[in-house]
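This report describes one protein chain for a reader who is new to structural models. Please keep the sequence and the three-dimensional view at hand while reading.

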Amino acid sequence: MTYLWKRYLQASLILRVTIALVLGVLVGIVGGDWVAVWLAPLGDLLLRLLTFLIVPIVLFTLMVGVNQSREGSAGRVGGKVFIYYLASSAFAIVVGLTVATLFSPGSGMTLNDSASFSVPENPGVVDALLNIVPSNIVVAFAELNMLGIIFTALVFGIALLKMRQSEQQHALGEQLYQVIEGLNDVTLKVMSGVLHFVPIGVFAIVAETVSQQGMETLLSLGDMVMVLYIALGAQLLIYCAVMLLFGVKLRTFFGEARTPMATAFATQSSSGTLPITINAAQRLGIPKSIYGFSLPLGATLNMDGAAIRIAISAVFAANVIGAPLDFMSMVQIVLIGTLVTVGTAGVPGAGIIMIATVFAQVGLPIETVALLTAIDALVGMGATALNVTGDLVGTNVIARSEGHTLAEAPDEEGGHAVENG
């Protein structure tokens, strides 16, 4: 038993996660209700462990990252991150609308009159912006208000940087920085332990999801699922083209990105996958001053997979009622969809809320959302995996634009050699 455990720890994380995904699908197909009963606690434990790490990772990583930035570069990098994420989400919706228009999912289907779905109250753009500044830090941390946590980390990180640059408070600022840097190192050490449990949790989540969804659901709305994954694939090819344009080696990138991609696919949580995404960024040699800001923000703002899902769901709903979208409706979906994806919680189930919100704004039948809930897990998996991939792509591109040379070749420990220009 000890020998098997040692071999498990020695195997690469992506190999373990890949095996867990395959075994999870097989067990989910052949298993019955017992799968959910016996394996669900292991999946819940993984999600709890990952969620447990979100606050310290975002808080300490971002504060350390701000204090490692070259003077004047933090604002420039922040501007690039915001522009890239907004442009990327808007473009993803265009990709989704284009692919969905070509394949017309939902054509020939009829709407069940008994289907219903309640639309959550939309807080509006002003309230969403105000929520960035938490009225209570403790509540923001307890409710995992990602934008509030990021705001807190940025404010205190910048204040600490000013202290370190001040002649009167330099010594105190350096002492505080050493403490925060130590807490960040401790958090990363805890994260390295949690990573060993990831394959076990992924196996349990996939097995439970497959056993509950079954093949009947996939076949009944198969065209919708197929079109979504075609659009996700198209967006992934666009990522590859952008990275090649900036000189990012695709083999190196996907060698590290596939682990957070697989984990996001299983957990359906961009925020929950954040510890693993940060680990991949470290192994790629991206400076902490960049990934410490871009990845936590991306887990909330950059939702390319969710954006594609909104676009295809809108075309699906319009086709079901026999009223295909016109050009102006598509423009409206691009604008509203981009705003809705910003600040939406990166957790399972959030995608269906986004879709309902957009439908209510553009006048599509809310009843069709009830149809889409049947395949929520199936499409949520792919959308979340693309969300996380988009965060890493943006972080790589921004790092290259800042003149940093990223990892090129594996080192002796299985990581990558790091060289930052």
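A salt bridge is counted where a side-chain nitrogen of Lys or Arg lies within 4 Å of a carboxyl oxygen of Asp or Glu. The structure is a predicted model, in which local features need pLDDT of at least 70 and side-chain atom pairs count only at pLDDT 80 or more, while totals for chains, interfaces and linings use all residues. Residues are numbered from 1 along each chain as its sequence is written, and side-chain values use heavy atoms, with hydrogens and water left out.

**Overall picture**

The chain contains 18 helices and zero strands; helices (H or I, at least four residues) and strands (E, at least two) are DSSP runs, numbered from the N terminus. Of the 421 residues in the chain, 53% are buried. Here buried means under 20% relative accessible area, exposed means over 50%, and partly exposed lies in between (1.4 Å probe, protein chains only). Among contacts (heavy atoms within 4.5 Å) with a separation of 6 or more, 82% are between residues 24 or more positions apart.

The unreviewed UniProt entry annotates several spans as "transmembrane region", including residues 137–161 and 306–325; such annotations may be inferred rather than shown by experiment, feature names are shortened, and positions are given in the numbering used here. In the model, residues 137–161 are 88% helix and 0% strand, with end C-alpha atoms 20 Å apart. Residues 306–325 are 75% helix and 0% strand, and their end C-alpha atoms lie 19 Å apart.

**Salt bridges**

Side chains of opposite charge can pair when their charged atoms come close. By the rule above, the chain has four salt bridges. Three of them are listed here.

| Salt bridge | Closest N to O distance |
|---|---|
| K80 and E402 | 2.7 Å |
| E256 and R283 | 2.7 Å |

K80 forms its salt bridge with E402, and this pair links distant parts of the chain, with K80 in helix α4 (residues 73–103) and E402 in the segment after α18, 322 residues apart. K80 counts as partly exposed because its relative accessibility is 25%, whereas E402, at 11%, counts as buried. R76 joins K80 and E402 in a network of salt bridges.

E174 lies in helix α8 (residues 170–195) and R164 in helix α7, so the pair ties together parts that are 10 residues apart in sequence. R164 is buried at 18% relative accessible area, and E174 is partly exposed at 23%.

Why does the length of helix α7 agree with expectation? At 1.5 Å a residue, its 20 residues (146–165) should span 28 Å, and its end C-alpha atoms are 28 Å apart. The expected span is 1.5 Å times one less than the number of residues.

Helix α12 is mostly covered, since eight of its 10 residues are buried. One of these is I278, with a relative accessible area of 0%. Leaving aside residues up to four places away in sequence, I278 touches I57, Y291 and L295. The C-alpha atoms of I278 and I57 are 8.8 Å apart, although 221 residues separate them along the chain. After α12 comes G285, which has a positive phi near 80 degrees.
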